[in-house]
Amino acid sequence: GRLGLQDFAVKAKMSPRPGWILKADWHQFWTDVDLSDNNTIAALDLKRNAGATASGTTPGTATDWSKDLGSELDLTLVHKYNSNAKIVFGYSHYWTSALFSALNGANRQAGAHSNLENDDADWAYVMIDSKF
């Protein structure tokens, strides 16, 4: 929707043991455009699709559209197996926001009763990184 994406991140890492690295990254995401103050067609369409009033709030809630897209925590554990291979374990949790839920087109396609029905998300992975 050409709203722009901004990301503020705080990152930390430590080595609990030789050959192991633990990383934690926290992100706060927001749009460049403040939909509470923006009277563009995109903002009005977003409010209408989410059942919002002209003032920008969703009926029965104190939701405002401002800029908040949610936050994310990424935890990564890396083990350097040898000079040519490392194993990476990752876990992430995303805390959604009302704006992200309303913008999420997949939410409408999944048959949600409202664009605001959007749960937080969790995912994990294991990766083997090898050099040839």
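Modeller: Gladly. The model is predicted. Start with Lys 86 and Asp 129: their side chains meet in a salt bridge, 3.9 Å from N to O. The pair joins distant parts of the chain, with Lys 86 in strand E4 (residues 85–95) and Asp 129 in strand E5 (residues 121–130), 43 residues apart.

Colleague: What makes the contact of Lys 86 and Asp 129 a salt bridge?

Modeller: The cut-off is within 4 Å, from a side-chain nitrogen of Lys or Arg to a carboxyl oxygen of Asp or Glu. The N to O distance here is 3.9 Å. So the pair qualifies. By this rule the count comes to one salt bridge.

Colleague: Why is Lys 86 called partly exposed?

Modeller: Its relative accessibility is 34%. Buried needs under 20% and exposed over 50%, so Lys 86 falls in between. Asp 129, at 33%, is therefore partly exposed as well.

Colleague: How do you know that Glu 72 has no salt bridge?

Modeller: The nearest side chain of opposite charge is Lys 11, 9.8 Å away. The limit is 4 Å, so Glu 72 has none. Glu 72 is buried and lies in strand E3 (residues 68–82).

Colleague: Which residues is Glu 72 in contact with, leaving aside neighbours within four places in sequence?

Modeller: Among them are Asp 25, Trp 26, His 93 and Trp 123.

Colleague: What makes E1 and E2 a pair of strands?

Modeller: Pairing needs at least two bridges. Strand E1 (residues 5–14) and strand E2 (residues 20–31) have 10, in the antiparallel sense. So they pair. One of the bridges joins Met 14 to Leu 22 in E2.

Note on methods:
Residues are numbered from 1 along each chain as its sequence is written. This is a predicted model: local features need pLDDT of at least 70, side-chain atom pairs count only at pLDDT 80 or more; totals for chains, interfaces and linings use all residues. Side-chain values use heavy atoms; hydrogens and water are left out. Helices (H or I, at least four residues) and strands (E, at least two) are DSSP runs, numbered from the N terminus. Buried means under 20% relative accessible area, exposed over 50%, partly exposed in between (1.4 Å probe, protein chains only). Lys and Arg count as positive and Asp and Glu as negative; His and the chain ends are not counted. Contact means heavy atoms within 4.5 Å.
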